[in-house]
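Let's take a friendly walk through this protein model, from its helices to some of its backbone details. Keep the structure open beside the text as you read.

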Amino acid sequence: MTATALSLPVILPEVILAAGVLVLLLVGAFRGEKSAWLVTELAVVLLGVAFVVLVVGERPQGVTFYGAFIDDSFARFMKSLSLIGSLVTLLLSIDFMRSHKIGGFEFPILMLLATIGMMMLISAGDFIALYLGLELMSLSLYVIATYQRDNLRASEAGLKYFVLGALSSGMLLYGVSLIYGYSGTVAFAGVSAALKGSSSIGVVFGLVFVLAGLAFKISAVPFHMWTPDVYEGAPTPVTTFFASAPKMAAMAVLVRVTLTAFPGISDEWRQIVTFISIASMALGAFAAIGQTNIKRLMAYSSIGHMGFALVGLAAGSVEGARGVVVYMAIYLVMSLGTFAAILSMRRQGEYVENISDLAGLSRTNGPMAFFLAMMMFSLAGIPPLAGFFAKFYVFAAAMQANLYGLAVIGVLLSAVGAYYYLRIVKIMYFDEPVKAFDRQGWTTGVTLALATFLVVFYAAVPAPITNAAMAAAKSLF
C-alpha cells in the first residue's frame with residue numbers, strides 16, 4: 001500500500017473540502033451568476049459533511065507527510081470549531097447577501113478555501129506546512145474582506161488588512177528562517193529537541209518574530225491595528241467570519257507552536273505571551289467604552305477576549321491548554337450569537353449598526369432583547385453563564401502556574417470590560433424605544449436562540465466540552 005493511501009484517512013476532511021471546491025468552481029464557471037445560491041447551498045452541505053467525517057467514525061489519528069501534518073485530538077477539536085464557525089457564518093450570510101445584491105458563487109468558494117487553509121494550519125507539524133496553511137487562509141480572507149467592491153469602507157478595510165497581513169507574513173518568515181538557522185530543522189519536534197536551556201539572542205529574535213506573525217492573526221495587541229477598521233468596514237457576514245473561524249485556527253496554531261516547538265525555552269516565550277495578554281486585555285477593556293458602532297465595539301471585545309485566552313497559554317501547562325481550548329469554544333458560541341443579533345438589526349430593509357438603534361428593544365422585540373442580553377452577560381463573564389467558566393479555567397491555570405499577578409490583572413480588566421456590555425443591556429431595557437426592527441430571518445433567530453441556550457445551560461452540563469478539551473490539551477504534551 002502506498003504512503004498516499006495510508007495518509008488518506010488522516011486527511012479525509014481536507015480532501016472532501018478540496019474536491020468539493022473544485023466541483024463548485026466548475027458549477028460556478030459553467031452556470032455563471034445563476035449558480036450563486038446553488039453553490040452556497042452546496043457549500044453548506046460540504047461543510048456539514050466535512051464536520052460529520054471529522055467528529056464521527058473511527059478514522060485513525062496520526063502524523064503523515066513526513067511529519068508535516070498532525071491529526072490528533074487537539075487538531076480535531078479545533079477543526080470542529082472552525083468548521084462550525086464557517087458553516088454558521090455561511091448560513092447567516094444568505095439573507096444579507098441577497099438584500100444587498102452582492103451575492104456570487106465566489107463568496108462561498110472563498111470561504112471554503114479559507115476553511116481548508118485553517119484546517120491545514122491547525123494540523124501543521126512544521127513551519128513550512130504552517131506557512132502554507134496560513135497563506136491559503138489569508139489570501140482568501142483578503143478577497144473576502146473586499147468582496148463588496150462598490151463599498152468604499154469595505155475596500156479600505158480590505159486594503160489595510162492586506163498590507164498589514166503581508167507585513168506579518170514577512171515577519172513570520174524571517175522568524176522561521178532564524179529558528180531554522182539555529183536548530184537546523186523546520187519540524188516542530190526537531191526544533192524542540194534542538195532548542196533547550198539557555199538560548200542565544202538569535203533564537204530569541206526568531207521567537208519574537210514568529211509570535212508577532214501569529215499574534216497578528218488573532219488580533220492581539222500590538223498587532224491589532226487592522227481589527228476595528230476591518231470589523232466596521234467589511235459587510236457584517238464577513239465580520240462574523242473574521243470573528244469566528246479564523247480566530248480558532250490562529251489560536252490553535254499559536255498554542256501548538258509554543259507548546260510543541262518551544263517547550264525547552266518556555267521562560268522566553270512566556271514573557272512575550274504575558275505581555276501580549278495584558279496589553280490585549282487592557283486595550284479591549286478601555287478602548288471599547290467610547291464606541292458607538294456595535295461592530296467596532298465587537299472588534300475591541302475580540303481583542304480583549306484573545307488576551308484572556310492567552311492567560312491560559314502563558315501558564316504553559318495541560319490545564320492552561322485546556323483553558324484556552326474551552327475559552328475558544330465558548331467564545332465561538334458567544335460571537336456567533338452576538339453577530340446573529342447584529343444581522344437582525346434591520347429597519348425597512350436597511351441594516352443599522354449603531355448601539356443607539358437598540359434603544360428600548362425589550363419593548364419592541366422582547367425575545368431578541370433577552371437573547372442579546374444573555375450574550376452580553378456571558379461576554380462580560382457574569383456567572384453562571386458560560387463566559388464566566390471560560391475565564392475561570394484560564395485564571396485557575398494561571399494561578400496553578402504561580403502567575404498570580406497576571407490572574408489578578410485579568411480579573412480587574414474583566415470588571416472594567418463588563419461596563420460596555422452592561423451598557424448595551426441598559427440601552428435595550430431602560431432607554432426610550434425607537435422604531436422596531438424588521439422581522440428576523442429564521443437563520444439569525446435560530447442561531448441566536450441556540451447560542452443563548454448553550455451559554456445559559458453550559459454550567460449544567462459542562463462535561464462534554466471540558467472532557468474533550470482536556471483530551472485535546474493532553475495530546476499536545
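An axis here is a line fitted to C-alpha atoms, for helices over the stretch in contact, and the angle between two axes runs from 0 to 180 degrees between N-to-C directions. With that in hand, please remember that this is a predicted model.

**Helices around α15**

Helix α12 (residues 245-261) packs with α15 at about 175°, and their axes lie 11 Å apart. An angle over 145 degrees counts as roughly antiparallel, and α12 and α15 are therefore roughly antiparallel to each other. On the α12 side the contact is made by K247, M248, M251, V255 and L259, which meet A321, V324, M328, Y331 and L332 of α15. Sorted by class, the residues of this contact are nine nonpolar, no polar and one charged.

The contact of α14 with α15 divides into 15 nonpolar, five polar and one charged residues.

How far apart should the ends of α5 be, at 1.5 Å a residue? The 17 residues of this helix (residues 106-122) should span 24 Å, and the end C-alpha atoms are 24 Å apart, which agrees. Of these 17 residues, 14 are buried, so α5 is largely enclosed by the rest of the structure.

S123 is found in the loop between α5 and α6 (127-145). Is S123 buried or exposed? With 0% relative accessibility, S123 counts as buried. Setting aside neighbours within four places in sequence, S123 is in contact with A68, F69, I70, A75 and K79.

**Aromatic residues**

There are 20 aromatic pairs in the structure. In one of them, Y420 and Y421, the ring centres are 4.5 Å apart and the planes are at 45°, so the pair is tilted. Y420 has 2% relative accessibility and therefore counts as buried; Y421, at 3%, counts as buried too. Elsewhere, Y142, Y161, F162, F216, W226 and F242 form one aromatic cluster.

**Backbone details**

Most residues other than glycine have a negative phi, and most peptide bonds are trans. The table lists some exceptions to look up in your viewer.

| Site | Backbone feature | Value |
|---|---|---|
| V221 to P222 | cis peptide bond | omega about 5° |
| P383 to P384 | cis peptide bond | omega near 5° |
| Y66 | positive phi | phi about 60° |
| S219 | positive phi | phi about 55° |

Where do these sites sit? P222 is in the loop between α9 (201-217) and α10 (226-233), and S219 is placed in the loop between α9 and α10. P384 belongs to the loop between α17 (366-380) and α18 (386-400), and Y66 to the loop between β1 (62-64) and β2 (69-71).

For Y66, the relative accessibility is 86%, so this residue counts as exposed. S219, in contrast, has 0% relative accessibility and counts as buried.

Key. Residues numbered from 1 in each chain as written. Predicted model: local features only at pLDDT ≥ 70, side-chain atom pairs only at ≥ 80, totals over all residues. Heavy atoms only, no water. Helix = DSSP H or I, 4+ residues; strand = E, 2+ residues; numbered from the N terminus. Expected span 1.5 Å × (residues − 1). Buried < 20%, exposed > 50% of the residue type's maximum accessible area, 1.4 Å probe, protein only. Nonpolar A, V, L, I, M, F, W, Y, C, P; charged D, E, K, R; others polar. Phe/Tyr/Trp six-rings, centres within 6.5 Å; stacked < 30°, edge-to-face > 60°. Contact = heavy atoms within 4.5 Å. Parallel < 35°, antiparallel > 145°, perpendicular 65-115°, else oblique.
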